[in-house]
Amino acid sequence: MKRFRKYRTDQRTRDEYSEVLLKTDDLIYPYFIVEGKFVKQVISSLKDVYHLSIDMLLKDIEEVNNLGINKILIFGVIDKSLKDETAKMAYAPDNLVSRAVKAIKNKFPELIIITDVCLCGYTDHGHCGLVIDHEIDNDKTLPFLSRMAYTHAKAGADFVAPSAMMDGQVKAIRTYLYQNGITNTGILSYSAKYASNFYGPFREAAQSAPAFGDRRTYQMDFRTIRQSLEEIKTDIEEGADWVMVKPAHTYLDIIQRARQEFPDTQLVAYQVSGEYMMIEAAADSGYFDGDKAMMEALTAIKRAGADKVITYYAKKLARMLINKT
Ligand code: PBG
């Protein structure tokens, strides 16, 4: 008889044989920024996540920084009255995200700041690209994404993260940044981003739900596998530094394939709002221990092959990792 139970006799032994270890360095914490002062507004769809004005954001980052988290992802959330068909506020100089980036860089120069680059939070119709004759126009959207990325990069973002799923977006952004003298800003591309039901809670947080139709003409169909590898390969060729699979917990097979196919590229996975809230809702109903389920889900994402994980759990996990040691 082959004996396996000797690997599991007690905590010390189980720890010794463990092969996957989550670290605070692996985590990227998302923020939703709004205009104003002293704003810390509950987001009802996304537990323990807030709309923060820049002053309150800086306070919160102090906590994040003390926990040892060194990477954040920023989403701007603007008033509906400022949204229009060409998403002007996405690339207006000194816009909300640029001011937030400058303020963070000033106070926390060590932090790696990643900004989401997508038009959906800024267009009046809520689509990720320009709508022309009721269609999302890929090529006409590219210059707008490029200008948005440039605005963020100029403000000091370390990475810009295009998430619109427009073809050629990485190349367009890379070229535009170089043409305008920006050579040190990285691109984290949302390369394999599926049209997922699990983004539901986010759309309230970002106030970016599409007013008509859905995102299935640009985000990937969840019945596809091979396209994800092609998307990632193309983004790397176009100049992406880091690539992403999204969602994460329900797409572990895609993460694993991406890891095998691109062993030398930093692979990020996004545990999205619905994946987060599913655990929270089940824990609130008493179906399981939320902390333990969180640990299991995030470990699975890393076990599948992700180098870094974007997660609303970053603070909670970092706290747990500190208390363990
Ligand atoms: C913007 C964007 C979305 C998410 C990240 N960037 C929403 C979407 O594509 O509809 C989802 C993140 C989450 O659900 O936590 N395009």
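The model is predicted, so to speak of local features a pLDDT of at least 70 is needed, side-chain atom pairs count only at pLDDT 80 or more, and totals for chains, interfaces and linings use all residues. Residues are numbered from 1 along each chain as its sequence is written, and side-chain values use heavy atoms, with hydrogens and water left out.

Pockets come first. On a 1 Å grid over the protein atoms alone, a pocket is an open set of points where a 1.4 Å probe fits, with protein on both sides within 12 Å along at least five of seven lines, and lining residues have an atom within 4 Å of a point. Grid points are joined across faces, edges and corners, and a volume is the space filled by probe spheres set on the points. The largest pocket holds about 620 Å³ of space. Its lining comprises 16 residues, with Ser-18, Val-20, Leu-21, Met-295 and Thr-299 nearest the centre. Two or more lining residues come from each of α1 (11-17), α11 (290-304) and α12 (314-324), helices being DSSP runs of H or I with at least four residues and strands runs of E with at least two, numbered from the N terminus. Helix α11 supplies the largest share, five residues. By class, this lining has six nonpolar, three polar and seven charged residues; Ala, Val, Leu, Ile, Met, Phe, Trp, Tyr, Cys and Pro count as nonpolar, Asp, Glu, Lys and Arg as charged, and the others, Gly among them, as polar.

The second largest pocket has a volume of about 250 Å³. Ala-195, Ser-196, Asn-197, Asp-214 and Arg-216 are the closest to its centre among 15 lining residues. Its lining has five nonpolar, four polar and six charged residues.

Turning to the rings, 15 aromatic pairs are counted (ring centres of Phe, Tyr or the six-membered ring of Trp within 6.5 Å; planes under 30 degrees apart are stacked, over 60 edge-to-face, the rest tilted). Tyr-276 and Tyr-313 form an edge-to-face pair, at 4.7 Å centre to centre and 70° between the planes. Tyr-276 lies in helix α10 (residues 273-284) and Tyr-313 in the loop between β12 (308-310) and α12, so this pair ties together parts 37 residues apart in sequence. Tyr-276 is buried at 3% relative accessibility, and Tyr-313 is buried at 1% (buried means under 20% relative accessible area, with a 1.4 Å probe and protein chains only).

Technical notes:
Buried means under 20% relative accessible area, exposed over 50%, partly exposed in between (1.4 Å probe, protein chains only).
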